[in-house]
Amino acid sequence: MGGTMTAEAQSEASQLRRANPRWPVPPPDGYTVDDFFTLDDLPPHTELIDGSLVFVSPQREFHTLAMYLLEQGLRQHVPNGLRVRREMAVVLSKRNVPEPDLLVVTASADGNQRTTRYEAADVLLAVEVVSPDSEDRDRDTKPHKYAAAGIKHFWLVEMTGENDRPMVITYELDPVNKTYVSTGVHHDRLKLSAPYDIDIDLTAIDEL
């Protein structure tokens with residue numbers, strides 16, 4: 001038999017939910033960068049997009065292999081003044097802290113083993129491997145935010161073909177309009193001169 005909860009009981013229950021939330025309860029205007037980096041017990045690879053927390057679902061094997069292949073290729077000829085990093089937070093604005101799958105950052109910004117984030121100005125290249133649960137974010141939301149923040153190069157990696165190999169679409173920033181312009185679609189081989197000399201055999205994913 002049901003009953004009516006009194007105002008006092010409702011207030012007490014509300015206080016308990018606030019004191020012990022199952023999930024973090026965002027403020028009315030959403031989380032800021034400062035909030036984000038002080039939240040405890042967030043799942044690994046949580047991102048902050050437009051003030052909201054975005055949690056990452058389990059990834060396909062393709063995601064892991066594509067990241068590994070591209071990371072190794074980026075490291076092969078990386079200049080002394082740059083560093084290749086994976087899955088590190090990048091502060092784009094007050095309420096946006098995505099975590100690109102791969103990054104190329106300046107060596108001067110790399111800090112030390114305790115580094116937890118980079119600023120957008122530190123990033124030369126951001127790479128996103130598209131996942132089924134984040135297609136819109138990877139293809140639309142994040143590229144727009146990376147461009148607006150001034151990151152010069154962006155790669156979008158898709159799984160294509162009968163062999164489920166990576167297709168890499170490369171972009172370069174139009175600094176006037178703060179938008180990305182496509183510089184190529186790469187299926188079997190990724191050979192570029194920017195952001196530095198890069199030559200990656202994309203078919204090598206079959207051997208990983």
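**Briefing: a buried glutamate and the aromatic pairs**

Glu128 is buried, at 1% relative accessible area (buried means under 20%, exposed over 50% and partly exposed in between, with a 1.4 Å probe and protein chains only). This is a predicted model, in which local features need pLDDT of at least 70, side-chain atom pairs count only at pLDDT 80 or more, and totals for chains, interfaces and linings use all residues. Residues are numbered from 1 along each chain as its sequence is written, and side-chain values use heavy atoms, with hydrogens and water left out.

**Glu128**
- Strand β7, residues 123–129, contains Glu128 (strands are DSSP runs of E of at least two residues, numbered from the N terminus).
- Leaving aside residues up to four places away in sequence, Glu128 touches several residues, including Asp138, Lys142, Tyr146 and Phe154 (contact means heavy atoms within 4.5 Å).

**Aromatic pairs**
- There are five aromatic pairs in the structure (rings of Phe, Tyr and Trp, the last by its six-membered ring, pair if their centres lie within 6.5 Å; planes under 30 degrees apart are stacked, over 60 edge-to-face and the rest tilted).
- One of them joins Phe36 and Phe37 edge-to-face, at 5.2 Å centre to centre and 75° between the planes.
- Phe36 is buried at 9% relative accessibility, while Phe37 is partly exposed at 26%.
- Phe154 and Tyr180 are stacked, with 5.6 Å centre to centre and 20° between the planes.
- Because Phe154 is in strand β8 (residues 153–160) and Tyr180 in strand β10 (residues 179–186), this pair ties together parts 26 residues apart in sequence.
- Both Phe154 and Tyr180 are buried.
- Tyr146, Phe154, Tyr171 and Tyr180 make up one aromatic cluster.

**Charge over a ring**
- Arg117 has its charged end over the ring of Phe37, 3.6 Å from the ring centre (NZ of Lys or CZ of Arg must be within 6 Å of the centre and within 35 degrees of the ring normal).

Note on methods:
Helix = DSSP H or I, 4+ residues; strand = E, 2+ residues; numbered from the N terminus.
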